[in-house]
Amino acid sequence: MKVNTMAELMAKGETPEVLFWVGCAGSFDVRAQKITKAFATILNKVNINYAILGKEEMCTGDPARRSGNEFLFQMMAYNNIQLLNGYGIKKIVTTCPHCFNTLKNEYPELGGHYEVIHHTTFLQQLIDEGKIKLKEAGSFKGKKISYHDSCYLGRSNNIYEAPRKVLEALDAELIEMKRCRSNGLCCGAGGAQMFKEDEKGNTRINIERTEEALGTGASVIAAACPFCNTMMTDGVKNKEKEKEVQVLDIAELIEQSLA
Amino acid sequence: MQYIPQVLFILVSGIAIYLFAGKVSEIRRNIFLGRDEDLNNHSSQRWKNVLLLAFGQKKMFKNPLVAILHFIIYGGFIIINIEVLEIVMDGLLGTHRLFEKPLGEVYIWLINAFEFLAAGVLIVCVIFLIRRNVLKLKRFTSKDLNGWPRSDANYILITEIILMSLFLVMNTCDSTQSFFFSSFLKPLFNNFSEHSLVLIEKTCWWLHIVGIFAFLNYLPYSKHLHIILAFPNAYYAKLEPQGKMHNMPEIQNEVLYAMQPELAPTGDAAQTHANKFGAKDVFDLSWKNLMDAYSCTECGRCTAACPANITGKLLSPRSIMMKTRDRLEEVGKNIDLNKAFKDDNKSLLRDYISEEELRACTTCNACVEQCPVSISPLDIITQLRRYLIMEESNAPQEWNAMFSNIENNFAPWKLAPDERDKWAIEMNN
C-alpha cells in the first residue's frame, strides 16, 4: 500500500483529487496514528486519489491561537498557506476537528481558500455513494455505541449528523448520552488544555465525560477527534473499564467493518 | 382643582422619562467606550436572528417547559403594555377608560385578554420565585449571585406580581365595568361602599402606573435590562461559525512583513500605532462585548453547561459577564466624576477576572451555544488570554514548552519533524 506525498506526485506531474491533512496528533501520537492509518486504508480501498504533505505539514496553529499566542498562530498559518497555495490545493480532508476548524474558518481571511471536509462527512458521502461497502454482519452489528460529540465539529461547525449517519451504517445500536449534540460536554482537551494540567477543581473534565459515556452501557465510545479519543481513553483507563469498553474513531469503526 | 391629577401625572411621567433617558445615554456612552467593530453587514440574516432569537426566544426552547413559562411573562408583559397606552392617555387627559366607548365590545374582549395574561404572568412569577428560593436550582444558588444579584432577581419578580395584582384589583373595583377574570375577585369587595371602591380603584391606578415608571427606572440598574438589549444583541450576534476566532490583522501584517520584508510599508506608513495586543480592560474589548455585558440576565445557562465549572474550576462564564459589567459601571462612574477617565490603577484583568479563571477555559463554545440573548463570554476570555500571552509573556510552563515545540518542531510536542510521516512509511512497507 502506497501513501503518496504531494512532493512525490508533483514530481510525477500528477495532482491528487484531495489532500489528506493528517494533523500533529494523527502524525505523532501513537494512538492517533492508528486512526490515520485506518483512514488511509479506507482511502486506498476505495481508490481515492489523495496525497499527504508528509514532512512538510506543520501545526495549523490552533492551540497557539486559543491559548492567546496570535503571533505563533499567524506564523504557522503563513507557512501552511504558502505551502498549500504553492501546491495549488483545492480540497482538503482531515481527521482532526481542530485542524478542520482552522483550515476551514480561519485560513480564508489569511489568504488560504480551500474546500475543507472533515473525515466523518467524507466517509458519509462515500457510504451514500455506495463506494464504501461494509460487511453484512460486521463486528459492530447490534453493539451498543455511544457517540461523543467533538466541540470543534459540533458547536463550532454544526456537524452533528454525519458521524451519526456513518455509525448507523454499521447497524449498531446508537445510544445518546444526556448531554449530546449542541449540548454535548467537552472532553477537556480544547483551548490548548491538552497541553497543560487542569486548573484546580473537583474532578477532571475527561473523567466527568467518561462517567457519562460509561453510564449509557455502551461497549464502544465513538469519537471523531484524536484529542477527544485520548481524553476518553484516559478516562476509561482511569475507571478501569478498558477490558469492557473501547474508544474508537469513526474511521476505525468503518475500517474494521470494510467488506 | 380638577386638573391637579393631570398635572401630577404629567410631572411624574416627565420625571420618570427624563431620568430613564439620562441613564440610557450613560449606558450607551459606556458601551461605546469599547473598540469599534463593524457589524452592519448581512442585515437580512441579522433581522432573521432578531425574529428567531429575540422575538421567538429560540434558545430558551432547549428547555420547553421553562421556555413556555418565560414566554407567558414576556408575552404578557409586551401585550399588557397596550393597556398602558390607555392608562397614560387617561392620565394625560383626565379621562376614565378612554378607549372603552370607541372600541365597544372589542374593548371588553381586549381587557379580558389582558386580565388573562396578567393572571398568567402573576402565576408564573410565583413559580419562578419558588424555583429560585425554594427548589434551589443549582444555577440560582451559585455563589455568582451572592448579594445584590440574588435580591435583584427577586425584586423583579415581586414587582411584577405587585403590578399585576394592582391591575386586577383596579379592574375589580371599577363599578362601571365587569371583566372576566376580575369579576371572580368581586366578592372580596362586597362590603365596601361605592365611595371606597372608587378610592381603591383610583389608588390602584396610580400605584400601577407609578410602579411601571419605577420599574422602568430600575431596569438600567438591573439584570432585567435584557428585555431591551436582547433585541439589538440578537441583531449584532456573530454570523460566522462559532469556532472561528477573530483575526488580528495587525499581527497578521507583522508576520507578513517579517516573512516578506519587501511588502513592509516604509516612511510614515511604517509608524505602527501603539495599540496593545489583546484586552486588559473594558476599553480594549469591542462595543459588542460591552453590550453583551449589559444584556446578560444572569440566568446561568452558560455556567451550567461550562465543562470547567461543572468540574469545580473557578471559571464561570456568567461571572465573566457580570464582572465585565461591574468594571464597566465603575469606569462609567469614574468618567462621571472626573469628566474623563482618570486612571484608577485597576483593570478588568486581575482586579475582576483572574488568570486562573481564564486558564480553565476549553473554548468549547458551550456557553455561547446556551446563551438565549446571543452573548459570547468566550470572546472576552480569548481576548484577555491574548493580553496575558502577548503583552505579559505570561503562560503556564507547559504552554511555553508547547509554543517552543510548535516554533521549532512544527508540532506541539517535542518530536522530530522528520518523523511526521513515519506512519506512512510504515504503511508503505
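How many residues of chain B are in contact with chain A?

## Contact between the chains

The contact involves 60 residues of chain B and 61 residues of chain A, two residues being in contact if their C-beta atoms, placed from the backbone, lie within 7 Å. On the side of chain B that touches chain A, 34 residues are nonpolar, 12 polar and 14 charged; Ala, Val, Leu, Ile, Met, Phe, Trp, Tyr, Cys and Pro count as nonpolar, Asp, Glu, Lys and Arg as charged, and the others, Gly among them, as polar.

## Basis of the model

This is a predicted model, in which local features need pLDDT of at least 70 and side-chain atom pairs count only at pLDDT 80 or more, while totals for chains, interfaces and linings use all residues. Residues are numbered from 1 along each chain as its sequence is written, and chains are lettered from A and ligands numbered from 1 in the order in which they are written.

## Nonpolar cores

The largest nonpolar core has 144 residues. Such a core is a set of buried Ala, Val, Leu, Ile, Met, Phe, Trp, Tyr and Cys residues joined through C-beta atoms within 7 Å; a residue is buried if 20 or more other C-beta atoms lie within 10 Å of its own, exposed if 12 or fewer, and partly exposed in between. Among the members that touch the most others are Met76(A) and Ile406(B).

Ile406(B) touches Met76(A) and Leu72(A), among others, not counting residues up to four places away in sequence.
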